[in-house]
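Reader: I am new to this kind of picture, and I would like to learn where the words used for it come from. Could we go through them together?

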There are 2 protein chains.
Amino acid sequence: MTMKQPEPAFILVRPQMGENIGAAARALLNFGLTDLRLVQPRDGWPNQKAVDTSSGALDHIPSIPVFDTLQNALSDCHFVYATTARHRHMNKTVRNTAGACEHAQSRTHQKIGFVFGPERTGLESEDLALCHEIINIRTNPDFSSLNLGQGVLLLAYEWSKIRGNKNKSVHSHTREIATHNEMSAVLSRLEDTLEHHNFFRAPHLKDNMIRNIRTMLMRAEFDAQEIRTFHGIISALIGHKVHKN
Amino acid sequence: MTMKQPEPAFILVRPQMGENIGAAARALLNFGLTDLRLVQPRDGWPNQKAVDTSSGALDHIPSIPVFDTLQNALSDCHFVYATTARHRHMNKTVRNTAGACEHAQSRTHQKIGFVFGPERTGLESEDLALCHEIINIRTNPDFSSLNLGQGVLLLAYEWSKIRGNKNKSVHSHTREIATHNEMSAVLSRLEDTLEHHNFFRAPHLKDNMIRNIRTMLMRAEFDAQEIRTFHGIISALIGHKVHKN
């Protein structure tokens, strides 16, 4: 088996609001990620507002290193993506969120970095120059206001989803539906009862009506308990008295 | 060409904080979605805190209807997903975020509803009983603190992403199932009739039994003709005489 890929680093460059740092930490931990790094946070570090908005995530993340330059923050990374909201003329591959995560996870063994710019201005050209590729999180062109925490959330979600899909794909659906025999028994009883109650007015339509009723009820895929409930419903409607003490 | 699928409705049930309603509106509009509905918002509506956190999204969303019950909020929906953080023993299919959006978009022509519960407590059992399936947004089992706005964001993101990918031909799901209102009417009639026939022996079990019956029959996804057939079955079983010449 292959060695596990190291956890990706999420690097916030010159983040302005502590709230957004806390939200980013919370978003990462929601998807089991903890490698958060800061470059020149405007209000210093630690930051009480970050603690307040992290919902306790900062207690679970051992330490958040602070760097003076993006270059230093990226020192151990092999491959780095810059996130931008705007399209720019840059000679770099631009990927969407999912595409970037797929691509990053195909780089087994490599340490991946995801870089986010300051809230208002985004990354500067010299920051982008340190990154290999661009991630453009596609939003409504007429209203694009993802904040920093939301951008981190979407990327963490995609990373975690794609990693999860690699291990196991389909969610197993464990309902134990009734056997064909059990279902058939309750349907036959319903049909006999309907016959007794003159439901099938026109004999030549009866077979077709029965097929339709079977189709509509079999689609429900009753389990054993539900079969019993349906028997109970038939009994109640045809007026079998319930025994009360 | 097929008719375009209507935009899905995002329904917030008893949301507590205006901030989260604003964040939800902003998240939706980021992905070009605008059908946001509220059921009994704690602090009433409109709400200044929602305006403050919506980043202007509320100016772009024409109106956000407020309903007294989830049932009323869902009246025009064909197929409804409940979002839950917890796993419960419910007889409903559970999908992850992407799986649910794939599934929903295969239901061409149908109006889809995504239902979100109150921040602290999530959806009640009676809310869940009105929904066809469950969406579980998978997060870190040791730290799961997605807030309401983040949950809406992830679902809106997946919806938009899958719709974007969908220029390819996807097999269409052509059955025209009944609206929530039509289904609800026949279920209410069945419940009233069962009540009249003393089906609910123990009063303290009644709510639970009704939920189970709704769950098992909603799973069948009746179309309009099948609803009429089911009305006919009830009428026949309780002994309404069929008019013969």
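Author: Gladly! Chain A exposes about 12700 Å², and carbon and sulfur atoms supply 50% of that area. Such accessible areas come from the Shrake-Rupley method with a 1.4 Å probe; for residues, only the protein chains shown count as cover. Please keep in mind that this is a predicted model, where local features need pLDDT of at least 70, side-chain atom pairs count only at pLDDT 80 or more, and totals for chains, interfaces and linings use all residues. Residues are numbered from 1 along each chain as its sequence is written, chains are lettered from A and ligands numbered from 1 in the order in which they are written, and side-chain values use heavy atoms, with hydrogens and water left out.

Reader: Why is A:Ser55 called partly exposed?

Author: Buried means under 20% relative accessible area, exposed over 50%, and partly exposed in between (1.4 Å probe, protein chains only). A:Ser55 has a relative accessible area of 40%, so the residue counts as partly exposed. A:Ser55 lies in the loop between H2 and H3 of chain A, and its phi is near 55°, a positive value in a residue other than glycine.

Reader: And what makes B:Gln40 count as partly exposed?

Author: The value for B:Gln40 is 45% relative accessibility, therefore B:Gln40 is partly exposed too. B:Gln40 is found in the loop between S2 and H2 of chain B, with phi near 45°.

Reader: What makes helix H5 of chain B mostly covered?

Author: Eight of the 10 residues of H5 (residues 97-106) are buried, among them B:Ala100, B:Cys101 and B:His103. Helices (H or I, at least four residues) and strands (E, at least two) are DSSP runs, numbered from the N terminus.

Reader: Why is the pair B:Glu158 and A:Lys161 called a salt bridge?

Author: A salt bridge is a side-chain nitrogen of Lys or Arg within 4 Å of a carboxyl oxygen of Asp or Glu. The closest N and O atoms of B:Glu158 and A:Lys161 are 2.4 Å apart, so the pair qualifies. The count between chain A and chain B is three salt bridges.

Reader: How do you know how many residues are in contact between chain A and chain B?

Author: Contact means heavy atoms within 4.5 Å. By that rule, 55 residues of chain A are in contact with 55 residues of chain B.
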